[in-house]
Amino acid sequence: MTLLGDRQQLSYIASQAADARVNLELETEGMTLNIGPQHPATHGTLRIIARLDGEQVVWVDPSCGYMHRGYEKLTEVRTYPQVTALVNRIDWLGSFANEVPFILAAEKLMGIEAPLRAQHIRTILFELSRIANVSLFLGDLGVQLGAITPVFMAFRDREYVLNLIEGATGGRFHPNFDRIGGLKDDLPAGWLDETRTVMKKLRRFCDEIEDLLFGNEIFQSRTRGIGVIPRDIALQYGMSGANLRASGVDWDLRRDQSLPMAWDKVDWKVWTHPDGDSFARCWVRLQEVRESTRIVEQLVDTIPAGPVMTKVPRIIKVPEGEAWVCTENPLGEMGYYVVSQGDLGPFRVKIRSASFNNMSITPWLLKGVYVPDIVTILASLYFILGDIDR
Amino acid sequence: MGLVDRGRLPKPLTQLFNMGRSYSLWVYQWGLACCAIEMGAAFGSPRYDVMRLGVIPLPASPRQADLVVISGTVTDKMAPVIKRLYEQMPEPKYVISMGSCANCGGPYWDSYSVTKGIDQIIPVDVYVPGCPPRPEALLEGVVMLQQRIKNEDMGARWRGEGSQSMALVAARQGAAKQMIDGMSAERGGVPVVVDH
């Protein structure tokens, strides 16, 4: 150990003091940034409290519950046919997809199965609601990043899909079309031809979005490498849907489980992306819209004739038991755990919705990012607020 | 606008002002749930195009807005925020309640966490029914509000009396009475006559 001379010691202390003074002058004061609970560009209410150090996020606290409507408690006082009207509104962009797992769970408990034609129509409507849901995401994504045009295109082409859903079910948004044992009605005349035309339009919309938005240099520089979720972390947080597939996990409930639906009867592909960043999540969703149009087209061509409803009693009582059914909804895995005690309505329903788990990663993911990237990451995670809070 | 406050505007001038106000509505979009998508379709999509009605749907803040569309389910946690939003808007201000949830609770009429109707918190001018209402229904609501504005007595609205909610009117009158009482106490009990 070498001893410093007096002179050296003094200069050392002086330099230390100078460093401290510089640090003091350059130090930025922390700031708490409140985002939400409402924003004119969103639908739904989520509040995010972010603690900033300069331009960087130190920690984030998402505060949900502004959209909590008490679904699980309300299902206890509704009958089975009434519950479908209620659960339509959980993920309001893909309404029909919310009905299907609940109806399948009730059918599983009753030991019945819908006719083949009804299964096909269910799958078509399921995929149409996925297209309606994700096409709005593709337009909304542009708005969040500062490009206004894509949202007009999304609203323009989404109307065609909504017209199809309205033509078949009578409701633009909330069809309430699924019944225990089948469907309310058969398809109207000419609907299948109309569907083929619309699917072509939707594929053109996908091409337009891919050219305009995904090929844009600004868009790429704002999404590539932003908000990277590694494979293990995504699995640990229980993420599902396109968010999980964008992290390189090849997992899709439409393919990986057998349900009385028609996905196994057509040829389609599960898209994954190895990167796990915001761009990958958006890209996977775009490809999924394309796959959905392909699924719908094949199903329209191969739809069998026959009834759309099996024989069910007029007053539906579900026998005692418990059932869990989950499907791959537009946002990810959505499932219902239905407990029945043989009454007109369920005794208890546990709803597993995708967005709650997909959003729960935000405190981990937003740590250390810059403020403009908060918007990119939240937009690319794509949650629907009714799906978080239920 | 002293003349307007006292309601002593000549009738042709009132009509002119009202027409101008009804065709330059700045709408603040307060989208809470499913209805927000239909509101977005009505305000943002090329198919419905609300701007042809003289409605500008993009003010930067509630302080620049004439009209707010509350669309969607209002929960008890959200209700204070809406009250605060309404208080931030400048007079004269109008409210359209869009969808069954905002009107009366809708399918959540027996839920523990949903506010059954925003008219419990703020006065509402036009109710648009539906779950969710079609975009055309919202445009119809906007047209109805414009007709209402055209037939309005501006003086009453400026004084905050033209509002539909009787509870609010009563509250305002109560507050005015308290203020007048306070003033008259300062002046030694001399009553102040308010000229309507």
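Predicted model: local features only at pLDDT ≥ 70, side-chain atom pairs only at ≥ 80, totals over all residues.
Local features require pLDDT of at least 70 and side-chain atom pairs count only at pLDDT 80 or more, whereas totals for chains, interfaces and linings use all residues. Residues are numbered from 1 along each chain as its sequence is written, chains are lettered from A in the order in which they are written, and side-chain values use heavy atoms, with hydrogens and water left out.

Chain B contains 8 helices and 5 strands, taken as DSSP runs (helices H or I, at least four residues; strands E, at least two). Along the sequence, these elements follow the order α-α-β-α-β-β-α-β-α-β-α-α-α. Of the 196 residues of chain B, 49% are buried, that is, under 20% relative accessible area (1.4 Å probe, protein chains only).

The contact between the chains (heavy atoms within 4.5 Å) involves 35 residues from chain A and 34 residues from chain B. About 2800 Å² is buried between chain A and chain B, with carbon and sulfur atoms giving 60%; this buried area is the accessible area (1.4 Å probe) lost by two parts on being put together, summed over both.

Across this interface, 4 salt bridges are found, each defined as a side-chain nitrogen of Lys or Arg within 4 Å of a carboxyl oxygen of Asp or Glu. A salt bridge joins A:Glu159 and B:Arg47, with the closest N and O atoms 3.0 Å apart. On the side of chain A that touches chain B, α2 (71–74) and α6 (149–169) are the elements that give two or more residues, and α6(A) gives the most, with 7 residues.

Conventions. Buried < 20%, exposed > 50% of the residue type's maximum accessible area, 1.4 Å probe, protein only.
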